[in-house]
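Hi everyone, thanks for coming.

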Amino acid sequence: MKSLVFRLALATGLAGCGAPATALPQPIAPSPPPKDDGSSSRGGDGGPQHAAALEQLRASPLSWRMDGQDGVRVPLPDGERWTRVKFWGVKSLVGYRYGKDHHAIVGGFVVHVDDETAPGACGAAFERWAQPWIDAFEVAIERDPPRASPWEGKIIDIASLVARVATLGVRDEYAAAYATYPAWKGACLVLGVAVPARSELERAKAVSDRFATEILPNVQVTAASEPRDSY
């Protein structure tokens, strides 16, 4: 279910609505989550540990992490503490979680297009890929204005948003940011972050905003052609 919510959070640039303001967070010192043993997990709860982990993501220096096929390099805050994961129900090129309690999730996916250089082609392909999930679940969205950023001599589109998911099994807010990259001939990379709020929406938004401004514009594609495998 966490991977489903992540996919929804990234996909929610498709629709928009307003949201109430939230209180400013109380000060808390940054602190990394406990060591992740890599075993399956449904995620965690809020409270001081989640707030401290989000502050850690806001403040930590960036370091590079690679996908399993050495095709994509992503600069991540507190990079050594992210654990590579697979997402249930959807194939991904790369996936990471920050802590066993899923304080944040990063995922990269491939969508195919006729011409990756056409303006808006990658974003439109992502919307078609995501639309069935949007139709199936109730998701309320607050979106920031989209932005464009230079990337490897091209232009990428970056979206930031808050998704409020309310289904029988899931009820939470997520701050998310993602970018679409014209990475390979006939294929686009979609990479982003989803940060569960757990009553810490302002901190979650600060983390996703850091991804939108510092991380997503600096992702590196090192593979000359689309990586062969998704997981």
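Let me begin with a question: how much space lies in the largest cavity? The answer is about 60 Å³. Before I go on, a word on where this comes from: this is a predicted model, where local features need pLDDT of at least 70, side-chain atom pairs count only at pLDDT 80 or more, and totals for chains, interfaces and linings use all residues. Residues are numbered from 1 along each chain as its sequence is written, and side-chain values use heavy atoms, with hydrogens and water left out.

Back to that cavity. By cavity I mean a set of points, on a 1 Å grid over the protein atoms alone, where a 1.4 Å probe fits but cannot get out; lining residues have an atom within 4 Å of a point. Grid points are joined across faces, edges and corners, and the volume is the space filled by probe spheres set on the points. Searching the whole structure turns up one cavity of 30 Å³ or more. Its lining includes Glu142, Arg143, Ser160, Ala175 and Lys205. Strand 6 (139-143), strand 8 (154-166) and helix 4 each give two or more residues to that lining. Helices (H or I, at least four residues) and strands (E, at least two) are DSSP runs, numbered from the N terminus.

What kinds of residue line the cavity? There are three nonpolar, two polar and five charged ones. Here Ala, Val, Leu, Ile, Met, Phe, Trp, Tyr, Cys and Pro count as nonpolar, Asp, Glu, Lys and Arg as charged, and the others, Gly among them, as polar.

Let's visit two of these lining residues. Ser160 is found in strand 8, and it counts as buried because its relative accessibility is 4%. Buried means under 20% relative accessible area, exposed means over 50%, and partly exposed is in between (1.4 Å probe, protein chains only). Beyond four places in sequence, Ser160 touches Arg143, Asp144, Arg147, Ala176, Ala177 and Ala212; contact means heavy atoms within 4.5 Å. Glu142, in strand 6, is partly exposed, with a relative accessible area of 25%. The C-alpha atoms of Glu142 and Ala175 are separated by 9.5 Å, although the two are 33 residues apart along the chain.

Now for the wider view. The protein chain has four helices and eleven strands. Of its 231 residues, 52% are buried. Among contacts with a separation of 6 or more, 65% are between residues 24 or more positions apart.

Which residues touch the most other members of the largest nonpolar core? They are Trp82, Tyr181, Trp184, Leu189 and Leu191, out of 37 residues in that core. A nonpolar core is a set of buried Ala, Val, Leu, Ile, Met, Phe, Trp, Tyr and Cys residues joined through side-chain atoms within 4.5 Å. The largest share of this core, six residues, comes from strand 9. Apart from it lies another core, of 13 residues, among them Cys122, Ala125, Phe126 and Ala163.

Next, please find helix 2, residues 48-59. Its twelve residues reach 16 Å from first C-alpha to last, close to the 16 Å expected at 1.5 Å a residue, where the expected span is 1.5 Å times one less than the number of residues. Its buried residues include His50, Leu54 and Leu57, and what covers the buried residues includes strand 2 (72-77), strand 10 (187-196) and helix 4 (201-215). Glu55 also lies in helix 2. Is Glu55 buried or exposed? It is buried, with a relative accessible area of 12%, and it is in contact with Ile28, Pro30 and Arg203, leaving aside neighbours within four places in sequence.

I'll finish with some loops. Most residues other than glycine have a negative phi. Glu152, however, has a positive phi of about 50°; it is found in the loop between strand 7 (147-151) and strand 8 and is partly exposed, at 47%. Arg198 also has a positive phi, near 50°. Its place is in the loop between strand 10 and helix 4, and it is buried, at 9%.

How values were computed. 1 Å grid on protein atoms, 1.4 Å probe; cavity = no way out; pocket = protein on both sides within 12 Å on 5 of 7 lines; lining within 4 Å.
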